[in-house]
Amino acid sequence: MYQDSEKLTYYIVLATNAVVNSEKGLEDLPADAKVDELQVNGRTVLKISGTYERDTKIGPIIGLLI
C-alpha cells in the first residue's frame, strides 16, 4: 500500500533510438530523485529512485508516467 511518503524505484527501458537529455524532462521528479543510466543487453535503462509523497489534494497516486 502506498503511504504518505515512500521510497520507490522505477526502471524504464528506452526505445533503441531514444536519446537521454538530463537537462530537460526530469524537473518533475522529486528533489532527492537519483537518475542512473544503465546499459543492459545493448538497451538503455533509466533507474529513477527517490522519496515520493502523495498529494492529498488529488488523491492516491495510481502510477508514474515519464
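Predicted model: local features only at pLDDT ≥ 70, side-chain atom pairs only at ≥ 80, totals over all residues.

Residues are numbered from 1 along each chain as its sequence is written, and side-chain values use heavy atoms, leaving out hydrogens and water.

Start with the open sheet, whose three strands run in the order β1-β3-β2 with antiparallel pairing. Because β1 (5-13) and β2 are at the edges with a single partner strand each, one side of each has no neighbour in the sheet. From one strand to the next, the twist averages 20°. Strands here are DSSP runs of E with at least two residues, numbered from the N terminus, and two of them pair if DSSP finds at least two bridges between them.

Now look at β2 and β3 (residues 43-53), which pair in the antiparallel sense over seven bridges. Among the bridge partners in β3, Thr44 faces Gln39 and Lys47 faces Asp36. The two strands β2 and β3 form a hairpin with two residues between them, and Asn41 in the turn has a positive phi of about 50°.

Finally, find Leu38, which lies in strand β2 (residues 34-40). Leu38 counts as partly exposed because its relative accessibility is 33%, and that class lies between buried (under 20% relative accessible area) and exposed (over 50%), with a 1.4 Å probe and protein chains only.

Key. Helix = DSSP H or I, 4+ residues; strand = E, 2+ residues; numbered from the N terminus. Axes fitted to C-alpha atoms, helices over the stretch in contact; angles between N-to-C directions.
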